[in-house]
Amino acid sequence: MKKLLLIAIALLTLFSFTGCNTSGNGELIGVQNRPKWRETQPYGMVYIRRGSFNIGPSDQDPAMAGIPTKTVSQEAFWMDDTEITNNEYRQFVSWVKDSTARRMLGDQYPEFLITEDRNGTPIDPPRINWREKIDWSDPDYQMAMEDLFIPENERFFGKKEIDTRKLVYEYWWIDLQQAAKRSNSYNFETQRYEGSVYDSQGELRPIDNRSAFIMNDQVQVYPDTLTWIRDFTYSYNEPWATRYFWHPGFDEYPVVGVTWKQALAFCNWRTKIQSDYLTTKRQPTLQAYRLPTEVEWEYAARGGKDFSMYPWGGYYTRDDDGVFLANFKPLRGNYVEDGGISSMKVGSYEPNEYGIYDMSGNVAEWTETAYDEAGYSYFSDLNPTFTYNAKPDDPPVMKRKVVRGGSWKDIAYFTQVSTRSFEYQDSTKSFIGFRCVRSTFGEEFN
């Protein structure tokens with residue numbers, strides 16, 4: 001007991017003298033006073049443990065015999081247990097609307113912007129003051145926000161509404177792929193960068209400093225509601241076009257009519273609002289939200305059943321009682337046979353073994369991965385993916401992104417876990433949505 005007491009006193013003396021000093025009196029003790037942190041389960045997500053599997057077809061369908069398979073290993077990650085719903089995406093749209101309104105109001109009413117920090121140091125550009133409430137019925141406020149409303153000559157029946165064309169989300173990110181190229185590395189001998197990068201507009205520019213790797217994009221965030229009519233020329237889908245996104249009756253339905261770039265913007269915003277909150281609490285930030293890679297999607301969809309055609313583990317689309325197990329196009333167009341006639345509320349069918357819903361059917365889902373027919377042949381076997389930031393003037397073939405899972409309008413083949421499809425990154429469809437993933441910190445979650 002006396003020996004333990006002496007050791008405790010010695011350690012206390014050591015830390016009292018060193019404080020934040022990392023010398024440790026000559027011993028390797030690491031940096032002290034590090035914040036305590038433990039990853040907790042994010043709301044609405046499930047944990048997918050690391051593992052390996054054979055990506056690609058694993059059944060005996062002759063039509064798929066020419067498609068290669070490959071053994072890959074995947075690190076653990078978090079994934080949304082359902083597709084992003086209309087109501088969740090509306091939070092994004094509402095945030096963009098409110099932030100745009102506050103910046104407009106800030107030109108006349110300084111209380112809507114924070115122009116200096118607690119020490120009186122100017123903040124440039126000013127930050128939004130979210131604590132200040134907006135009285136949308138105030139005529140003075142309405143005048144200051146006039147540009148946010150539809151012009152009078154464009155209004156239907158004179159109704160004053162928010163102009164959704166003005167709801168634009170601007171964000172920045174670091175292009176780590178270009179930064180990682182050896183030709184773009186910092187030359188310590190010449191004390192300068194010597195490479196070149198493609199900027200957000202596809203222009204090749206020399207690297208002046210680190211800011212060259214910061215990319216910027218502006219994305220219109222409101223979904224394309226008219227896609228319900230555009231996708232089906234000879235169908236009456238006007239009720240879906242006019243009500244699907246905003247009506248409370250569709251709150252828990254998956255959001256559709258979003259482009260791949262809109263899905264990326266949503267992931268960035270989701271990361272931003274969480275990071276901003278944690279920063280105010282002086283807590284470490286988390287990994288970024290993003291779209292799943294194609295391999296992450298298939299790994300999660302299989303639910304640990306490596307050799308099954310569907311997420312539920314069988315070779316058939318019905319259970320023992322003859323009930324369909326997903327929302328897709330059965331029996332040559334008898335849509336109602338599976339319980340729905342279009343998209344349905346998320347989670348309407350049983351989840352797979354990982355606890356994830358609707359990995360087959362309901363709506364197909366964007367992935368992060370660029371589509372290439374020969375992708376499996378050159379994918380890495382560790383956390384594989386293939387990404388490409390298409391430039392504005394690239395041909396359409398360079399703008400293809402992998403879409404997985406099949407939808408309510410697809411036959412069973414497209415709902416198989418190994419079936420690959422694609423869509424163009426700037427297109428919108430009434431049958432494509434998305435869900436997010438988030439990487440972990442390298443340890444198995446308990």
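User: What should I know about the model before we start?
Analyst: It is predicted, so local features need pLDDT of at least 70 and side-chain atom pairs count only at pLDDT 80 or more, while totals for chains, interfaces and linings use all residues. Residues are numbered from 1 along each chain as its sequence is written, and side-chain values use heavy atoms, with hydrogens and water left out.

User: Which residues touch the most other members in the largest nonpolar core?
Analyst: Y89, F92, Y169 and F434 do, out of 53 residues in that core. A nonpolar core is a set of buried Ala, Val, Leu, Ile, Met, Phe, Trp, Tyr and Cys residues joined through side-chain atoms within 4.5 Å, and buried means under 20% relative accessible area, with exposed over 50% and partly exposed in between (1.4 Å probe, protein chains only).

User: And which element gives the largest share of this core?
Analyst: That is α2, with 7 residues; helices (H or I, at least four residues) and strands (E, at least two) are DSSP runs, numbered from the N terminus.

User: What does F92 touch?
Analyst: Not counting residues up to four places away in sequence, F92 touches Y169, V221, Q262, A265, F266 and W269, where contact means heavy atoms within 4.5 Å.

User: Is Y169 buried or exposed?
Analyst: Y169, which sits in strand β7, counts as buried because its relative accessibility is 4%. Its side chain also reaches the backbone nitrogen of W269 at 3.5 Å, a polar contact being a pair of N or O atoms within 3.5 Å in which, within protein, one must be able to donate a hydrogen and the other to accept it, and residues adjacent in sequence count only if both atoms are side-chain atoms.

User: Changing topic, what is the strand order in the open sheet of 4 strands?
Analyst: The order is β16-β15-β14-β17, with mixed pairing; two strands pair if DSSP finds at least two bridges between them.

User: Why is one side of β16 left without a neighbour in the sheet?
Analyst: β16 (421–424) stands at an edge, as does β17 (432–433), and each has a single partner strand, so one side of each has no neighbour in the sheet. Strand β15 (residues 400–404) is joined to β16 by 4 bridges, and the two run antiparallel, with K401 opposite E423 in β16.

User: Last one: what about D358?
Analyst: D358 lies in the loop between α8 (294–302) and β14, and its side chain reaches the backbone nitrogen of G347 at 2.9 Å. D358 is buried yet has no salt bridge, as the nearest side chain of opposite charge, R435, is 5.7 Å away. A salt bridge is a side-chain nitrogen of Lys or Arg within 4 Å of a carboxyl oxygen of Asp or Glu, and for charge Lys and Arg count as positive and Asp and Glu as negative, with His and the chain ends not counted.
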